[in-house]
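Morning, everyone. I have one structure to show today. Let me put it on the screen.

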Amino acid sequence: MSGHHVRVYEIQRTFPNNAPVINGVALKEQWTRAISDYTDNNGPGTTYGTYVLENGDKFFSRAALVAQNTGQGKLTATTVGYITGGTGKFSGMQGIIRTVNIADPKAGVNEGQTEIEYTIAK
């Protein structure tokens with residue numbers, strides 16, 4: 001089909017200044033590994049997230065994604081998913097992660113906003 005693309009991709013985000021703080025620990029980097037199945041930048045995807053904290057602990061997520069073409073090759077992608085576990089101080093972490101991203105895949109540009117709701121079992 002014309003305009004159909006299946007992608008496997010990886011995005012790394014780093015936070016050198018004013019990093020978000022989660023459970024008292026600064027977020028150092030976030031990795032998103034994903035697959036998408038778009039036609040003309042519309043369609044579904046699945047994302048797998050790894051959040052690396054300043055102390056070396058990590059937590060993980062899995063989310064469903066829906067992308068919509070905004071015109072001129074750009075798209076808006078909305079995800080919602082669950083925290084699937086963590087290490088160290090974050091080993092009992094559970095919660096939900098929501099994101100809204102604006103992307104231009106051909107230009108390699110992706111910027112977004114993330115909301116994390118969580119609890120950590122003692």
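I'll go through the strand pairing, then the pocket, then the aromatic rings.

Keep in mind that this is a predicted model.

Strands to begin with. Strand 1 and strand 3 pair antiparallel, over eleven bridges. Within that pairing, Arg7 has Ser36 of strand 3 as its bridge partner. Strand 3 also pairs with strand 2, again antiparallel, through two bridges. There, Ile22 sits opposite Val25 of strand 3. The hairpin of strands 2 and 3 has two residues between the strands, and Asn23 takes a positive phi near 55 degrees. Next, strand 3 and strand 4. They run antiparallel and are joined by nine bridges. Leu27 stands opposite Leu53 in strand 4. This hairpin has three residues between its strands, and Asp40 takes a positive phi near 55 degrees.

Now the pocket. How many residues line the largest pocket? The count is 39, and Ile11, Arg13, Thr32, Asn101 and Asn110 lie nearest the centre. Its volume is about 720 Å³. Elements giving two or more residues to the lining include strand 1, strand 3 and strand 4. Strand 8 gives the most, with seven residues. By class, the lining has 20 nonpolar, 15 polar and four charged residues.

Last, the rings. There are two aromatic pairs. In one of them, Tyr51 and Phe59 are stacked, 4.5 Å centre to centre with 0 degrees between the planes. Are those two residues, Tyr51 and Phe59, buried or exposed? Both are buried. Together with Phe90, Tyr51 and Phe59 form one aromatic cluster.

That's it from me.

Key: Residues numbered from 1 in each chain as written. Predicted model: local features only at pLDDT ≥ 70, side-chain atom pairs only at ≥ 80, totals over all residues. Heavy atoms only, no water. 1 Å grid on protein atoms, 1.4 Å probe; cavity = no way out; pocket = protein on both sides within 12 Å on 5 of 7 lines; lining within 4 Å. Points joined across faces, edges and corners; volume = space filled by probe spheres on them. Helix = DSSP H or I, 4+ residues; strand = E, 2+ residues; numbered from the N terminus. Nonpolar A, V, L, I, M, F, W, Y, C, P; charged D, E, K, R; others polar. Phe/Tyr/Trp six-rings, centres within 6.5 Å; stacked < 30°, edge-to-face > 60°. Buried < 20%, exposed > 50% of the residue type's maximum accessible area, 1.4 Å probe, protein only. Pairing = 2+ DSSP bridges.
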